[in-house]
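Come and read along as I take notes.

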Amino acid sequence: MKRVLTIAWQTIRKPSVHFSLGFLVLGGFIAGIIFWGGFNTALEVTNTEEFCISCHEMEANVYEELKPTIHFSNRSGVRATCPDCHVPHNWTDKIARKMQASKEVWGAIFGTINTREKFLAHRRRLAENEWRRLKANDSLECRNCHNFDYMDFSVQSSRASKMHSTSLASGEKTCIDCHKGIAHELPDMSNVEGWE
Amino acid sequence: MKKLITTLVLVVSAAVTYVQAESSNIATLRDNTALNEQKKTTAIPKVINSDIKQKRSYPMQPPIIPHTTRNYEVTLNSNKCMSCHSRQRTEESQAPMVSVTHYMDREGNFLAEISPRRYFCNQCHVNQFDTKPEVENTFVDMHTQTKQNAKAK
């Protein structure tokens, strides 16, 4: 093992005998573009609704529940797809979330929620994961579209403007504190704050 | 025999004319649009979202919901209405509290939670659409009626 490592290290350290410096620099540059481009393309492929609902767990449960909601069909024709709410848009946060998602691949392979019954049994835990994430990042994924600074309270309903101009404005509450279950059905809500 | 046939023919033709005359008066969902035509659909009215309480037409009328309730879940798992209108939540939400009768079981005992028989809010409480009544309503509530009676005397 040590011998192999030593040989590898010596090979890397030695200057190239056959290839010119220009070839290595340019070749490395082009290979970098291809690899990075490929990585990013693959990452973006996993960041589509089509990819998400290619697993029946997602298509038969959460996607079906999304369909009647306002985030799927609405007056202005803007649709929030799975990654818009469930994957951070910032690169580092996105990579962190993608690494966490390897757990979901495990779940898909071993069928943790492969029936409706299993899914319902796990729903509270899964929902709590998302509530915790959104609470921790101040509902970042909501705010990617719903920017507080751009809100016009005068066109909101009186109840909405009252809540948004007080609790939300002061930072005491974040979107997810009140807007739970807006895109999917809710789990058993006993002992959830605000649902007593 | 001949007389009988004549009478029958007369009766049948009279019936046919009657039915034909009546059929144009019967309200159908298609509003008597010809079969080979597509009826023009009426616009779907919007839910009134004013948050302003409406007058009740009669004493026991379940109050109308003065706001939209799209996607409000009232299921075994959760009751979205109660997250504002329950006894514990009204201080924060400033929403009207559900009446105390909703906490009573059918024997009149008070429960800590909303009574199961009152759990499904939208069995009695509904939104109000911003639309004209389809049928004319001549209902007079009892306050107007008693006033009218007093005046008549």
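**Chain A, overall**

I began with chain A and found 11 helices and 0 strands. Helices (H or I, at least four residues) and strands (E, at least two) are DSSP runs, numbered from the N terminus. I noted that the radius of gyration of chain A is 24 Å, well over the 16 Å that the globule rule gives for 196 residues, so chain A is more spread out than a compact globule. For the record, the radius of gyration is taken over C-alpha atoms, and the globule rule is 2.2 Å times the number of residues to the power 0.38. I also wrote down the span of the C-alpha trace of chain A along its principal axes, about 75 × 40 × 30 Å.

Before going on, I noted the ground rules. Residues are numbered from 1 along each chain as its sequence is written, while chains are lettered from A and ligands numbered from 1 in the order in which they are written. This is a predicted model, in which local features need pLDDT of at least 70 and side-chain atom pairs count only at pLDDT 80 or more, while totals for chains, interfaces and linings use all residues.

Next I looked up burial: 10% of the 196 residues of chain A count as buried. A residue is buried if 20 or more other C-beta atoms lie within 10 Å of its own, exposed if 12 or fewer, and partly exposed in between, with C-beta atoms placed from the backbone. Then came contacts, where two residues qualify if their C-beta atoms, placed from the backbone, lie within 7 Å. Among contacts in chain A between residues at least 6 apart in sequence, 59% join residues at least 24 apart.

After α7(A) comes A:G111, and its phi is positive, near 70°.

**The annotated site in chain A**

Where does UniProt place the feature "binding site" in chain A? I found an unreviewed entry that puts it at A:C52, A:C55, A:M58 and A:E104. I kept in mind that UniProt positions are given in the numbering used here, feature names are shortened, and annotations may be inferred rather than shown by experiment. The positions span 53 residues in sequence, yet no two of their C-alpha atoms are more than 10.9 Å apart, so they gather at one spot.

I took A:C52 and found this residue in helix α3 of chain A (residues 49-52). A:C52 is buried, with 20 other C-beta atoms within 10 Å. Leaving aside neighbours within four places in sequence, A:C52 is in contact with A:M58 and A:C82. A:C55, by comparison, is partly exposed, with 16 other C-beta atoms within 10 Å.

**Chain B, overall**

I turned to chain B and counted 4 helices and 0 strands. Its radius of gyration is 26 Å, well over the 15 Å that the globule rule gives for 153 residues, so chain B is more spread out than a compact globule. The C-alpha trace of chain B spans about 85 × 55 × 35 Å along its principal axes. Of its 153 residues, 6% count as buried. I checked contacts here too: among those in chain B between residues at least 6 apart in sequence, 40% join residues at least 24 apart.

**The annotated site in chain B**

An unreviewed UniProt entry also places a "binding site" feature at B:H102, B:C121, B:C124 and B:H125. These span 24 residues in sequence, yet no two of their C-alpha atoms are more than 12.8 Å apart, so they gather at one spot.

Is B:C121 buried or exposed? I found that B:C121 counts as buried, with 21 C-beta neighbours inside 10 Å. B:C121 lies in the loop between α3 (90-93) and α4 (142-152) of chain B. Not counting residues up to four places away in sequence, B:C121 touches B:V74 and B:C81. I looked up B:C124 as well, whose place is in the loop between α3 and α4 of chain B. B:C124 counts as exposed, with 10 C-beta neighbours inside 10 Å.

**Where the chains meet, and confidence**

I noted that 15 residues of chain A are in contact with 10 residues of chain B. The model scores ipTM 0.75 and pTM 0.78.

Last, I checked pLDDT, the predictor's confidence in each residue, from 0 to 100. Chain B has a mean pLDDT of 86, and 90% of its residues reach 70 or more. In chain B, confidence is lowest in helix α1 (residues 2-23), at a mean of 69, and highest in helix α2 (residues 82-85), at 92. Where pLDDT is low, the predicted coordinates should not be read in detail.
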